[in-house]
Amino acid sequence: MSDQAGAEYRIEDLAHHSGATVRTIRAYQDRGLLPKPERRGRSNVYRDTHLARLRQIADLLDRGYTLASIKELLEAWDAGRGLGGVLGLVAEVHGPWTDEEAARITRAELNERFGGRPDDEAVGEACELGVLERIPGRPDEFLVPSPQELAVAAELYAAGVPLAAITGHLRELRGQVEHIASRFLEFTTEHVFARYLEQVPPTDADAAEAATLVRRLRPLAQQTVDAELARAMRLFATRHLQRHLGAAGAPQPSGPAAVALPAETVRAVQELVGPEHVGEFVRAATERELQARTMNELARRGGR
C-alpha cells in the first residue's frame, strides 16, 4: 500500500484508516453506499475515493442522518447533481449557534466554586444535563460547553439556591426553551426554507443558498428570545415586587386573599401529597402554570 495520491488499500487497510470495521465496509457495499472495489486477481483493491466516501458517511452519521438519507445524498452526487452545497448546509446547521467557546475546569476548581466540598451526585447530574462533559483519561478534569451557564449556576448557589433546585429549574427551563426552538424552526421552515426542501435531496445551488440564509437567520432566534425575555422579566419582576412590598399608595390587604377550591380538587391533592402539603402544592402548581403560559406567549409571538 502507498500513502501517495492514488493509494491502494486492502480491505483491512481501509478499515484501519477509516475507523470502520471490515464488516461495516462490506455492508456499505451491499447497500450501495460504497462503490465496488477493483478486482485484481483474487484480491479486492480500494482507493482514496473509497476512504473519502467512508469518512463522508461517518460524518453524516455523526450528525444524525440515517443510512437511507445518506444513500439518497450520495446517489445525487454520483449522478452529477453535486453535493458540495448540501454538505455546506449540513455543516452550517450543525455548526455553533453561539459565539461562546467551551472551557475546561478541574474537579478542585469545581469544588471550590460550589461550596468547597466534593459532591459526586451533583457532578453526575451536571454531566447528565450536559453542563459538564467528562474527558476520557482525565477523571479530575471536565469540559464546560457553556461557561456562562456554569457561571450562572455558581452565582445562584452562592446566593443560597440549593444545587438540587438549580438542576431542577434547568430541566424545566430546557423543556420550555426547546419548545420555543422547535416553534421557531417550524416557522422559518414554513415561510423561508420550504422552497429549498421541495426536492430531496435539494439541488446543489438551492442547498448553498439555504446555507447562506441559515447564517443570516441564525442570530434572530436568540435576539428575539432575549428581547422578549427582557420584556417579560421587567413586567413580572415589577409585579412580584408590588405583591411583596405593596404598590405605593395602594391599600394593603390584611392577609392573603382566600381562594376557594372545589372539594374534589382538595381531596385529590391531599391523596397525592398529604394534607400538610396542600398549600405548598397549589402554590407550586400555580407558579408553574404562570411560567408555562409566559413561555407559550413568547413562542406565539415569535411565530407571528
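Start by selecting Arg 231 and Glu 228: these two form a salt bridge, and their closest N and O atoms sit 3.2 Å apart. (A salt bridge here is a side-chain nitrogen of Lys or Arg within 4 Å of a carboxyl oxygen of Asp or Glu.) Both belong to helix H10 (residues 204–245), and since they are 3 residues apart there, about one helical turn separates them. Helices are DSSP runs of H or I with at least four residues, strands are E runs with at least two, and both are numbered from the N terminus.

Now colour by accessibility. Is Glu 228 buried or exposed? Glu 228 is buried, at 18% relative accessible area, whereas Arg 231 counts as partly exposed at 28%. The cut-offs: buried is under 20% relative accessible area, exposed is over 50%, and partly exposed is in between (1.4 Å probe, protein chains only).

A quick word on what you're looking at. This is a predicted model, in which local features need pLDDT of at least 70 and side-chain atom pairs count only at pLDDT 80 or more, while totals for chains, interfaces and linings use all residues. Residues are numbered from 1 along each chain as its sequence is written, and side-chain values use heavy atoms, with hydrogens and water left out.

**Zoom out**

Show the whole chain as a cartoon and you'll find 12 helices and 6 strands. Of its 304 residues, 27% count as buried.

**More charged pairs**

Side chains of opposite charge can pair when their charged atoms come close. How many salt bridges turn up in the whole structure? A search finds 12.

Next, select Asp 120 and Arg 107, whose side chains meet in a salt bridge at 2.7 Å, N to O. Asp 120 lies in helix H7 (residues 120–129) and Arg 107 in helix H6 (residues 107–113), so this pair ties together parts that are 13 residues apart in sequence. Asp 120 is exposed, with a relative accessible area of 59%, but Arg 107 is buried at 16%.

Then pick Arg 171 and Glu 128, another salt bridge, with the closest N and O atoms 3.5 Å apart. Arg 171 is in helix H9 (residues 163–193) and Glu 128 is in H7, so here the parts tied together are 43 residues apart in sequence. Glu 128 counts as exposed at 61% relative accessibility, and Arg 171 as partly exposed at 37%.

**Helix against helix**

Keep H7 and H9 on screen. Their axes come within 11 Å and cross at roughly 10°. That makes H7 roughly parallel to H9. Axes are lines fitted to C-alpha atoms, for helices over the stretch in contact, and angles run from 0 to 180 degrees between N-to-C directions. Angles under 35 degrees count as roughly parallel, over 145 as roughly antiparallel, 65 to 115 as roughly perpendicular and the rest as oblique.

To see where they touch, show Ala 122, Glu 125, Glu 128 and Leu 129 in H7 beside Leu 163, Thr 167, Leu 170, Arg 171 and Arg 174 in H9. Contact means heavy atoms within 4.5 Å.

Now compare helix H1 (residues 11–18) and helix H2 (residues 22–30), which pack at an angle of about 100° with their axes 9 Å apart. H1 and H2 are therefore roughly perpendicular to each other. Ile 11, Glu 12, Leu 14, Ala 15 and Ser 18 of H1 make the contact with Val 22, Ile 25 and Arg 26 of H2.

**Last stops**

Select helix H3 (residues 48–62). Its 15 residues reach 21 Å from first C-alpha to last, close to the 21 Å expected at 1.5 Å a residue; the expected span is 1.5 Å times one less than the number of residues. Its buried residues include His 50, Leu 51, Arg 53 and Leu 54. After H3 comes Gly 64, with a positive phi near 100°.

Finally, click Ala 158 in helix H8 (residues 147–158). Ala 158 counts as exposed, at 65% relative accessibility. Draw a distance from Ala 158 to Phe 114: they are 44 residues apart in sequence and 7.6 Å apart in space, C-alpha to C-alpha.
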